[in-house]
Amino acid sequence: MSQPVDVIIIGAGPIGIACGLEAKKRNLNYLIIEKGPLVNSLYHYPTNMTFFSTSEKLEIDKIPFISNSPKPTKREALEYYRRIATSNNLHINLFEKVEKVEKQNNNYQITSSKSTYTCKNIIVATGFYDIPNKLNIVGEELTKVSHYYHDPHYYSGQNVAIVGASNSSVDAALEIFRKGGNVTMIVRGKEIGDRVKYWVRPDIVNRIKEGSIKAYFESELKEIRENEIDIATASGNLTLKNDFVLALTGYQPNFAFLNSMGITLSDKEKKIPTYDSQTMETNQKGIYLAGVICGGLETHKWFIENSRIHAKMIMENIDIKPN
């Protein structure tokens, strides 16, 4: 691209796609750059995941999302967003990672793994699923440890420890148990979290109550070894046989990338980036945030259904700016 484009959107998730649709409506010259496949984070969600939100709340640009059940599956969501991107001929470069953003006079130069671009505005819609919250304990680097869960069949007949009590932890525990895995949950809190999907919570509570899934509450995983783990519980320390550890302790945005662009944090404890809530523009003129990345470490604050509006807010501000 020899001439500067109006806007480059970093991230081709649902919100990045929504931003591309808004840019196209306004005849802005735009490009979406995604380091992985289309809707990369969603693609890496667990195979059998069902959304908390109903399908109409996951819709973008008022394009109907028809699913077999009120709450769509991952597979249905992949199909929905893919059809939107392809049928609208959105300009998206996939498997291309943005490596550097530099200010050049009144424009920005973006260096990616494949090319260099110049643009007037940038929208960061990169989500938060790339960097797991580490346990920082001995043995976390072992190959048997994963911070992501995909399919339960892999763990059939194995001793599996699951760290956490979020939706992802509960889903993994139930699925692996039902595929023949021996599941132990290690939970810091006193009970299964309140944010767990309301139709799933009774299931996990009952499985724990009947002993099908063992749960240690007010407990922490202290060390991981090839064939066992150490747990600190309210009743004392335990050593358990173990084949795999799923440390599903949450994820965080790429703060280093935000810092490299000069974006400051308005709340340093929660690491909430600085941005105007009316325009979504950061403290760096011409750089905007969209989607879950706006919440910093509060990754439960923003999601598809309440951040779809960011696309229109940003494009209205970009559209009225003088060239």
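Predicted model: local features only at pLDDT ≥ 70, side-chain atom pairs only at ≥ 80, totals over all residues.
Reader: Which residues of helix 3 are the buried ones?

Author: They are Lys74, Glu76, Ala77, Tyr80, Tyr81, Ile84 and Ala85. Seen down the axis of helix 3, these buried residues fall within an arc of 165°, so they line one face of the helix. An α-helix has 3.6 residues a turn, so residues three or four places apart point the same way.

Reader: What does the face of helix 3 turned away from its buried side carry?

Author: That face carries the exposed residues Arg75 and Ser87.

Reader: How do you know that the span of helix 3 agrees with its number of residues?

Author: Helix 3 has 14 residues (residues 74–87), which at 1.5 Å a residue should span 20 Å. Its end C-alpha atoms are 20 Å apart, and therefore the two values agree. Just after helix 3, Asn89 takes a positive phi of about 50°.

Reader: Why is Ser219 called buried?

Author: Ser219 has a relative accessible area of 2%, and buried means under 20%; therefore Ser219 is buried. Ser219 lies in the loop between strand 11 (214–216) and strand 12 (220–224).

Reader: Which residues is Ser219 in contact with, leaving aside its neighbours within four places in sequence?

Author: Ser219 is in contact with Ile186, Val187, Arg188, Ile231, Ala232, Thr233 and Ala234.

Technical notes. Residues numbered from 1 in each chain as written. Heavy atoms only, no water. Helix = DSSP H or I, 4+ residues; strand = E, 2+ residues; numbered from the N terminus. Expected span 1.5 Å × (residues − 1). Buried < 20%, exposed > 50% of the residue type's maximum accessible area, 1.4 Å probe, protein only. Arc of directions from axis to C-beta. Contact = heavy atoms within 4.5 Å.
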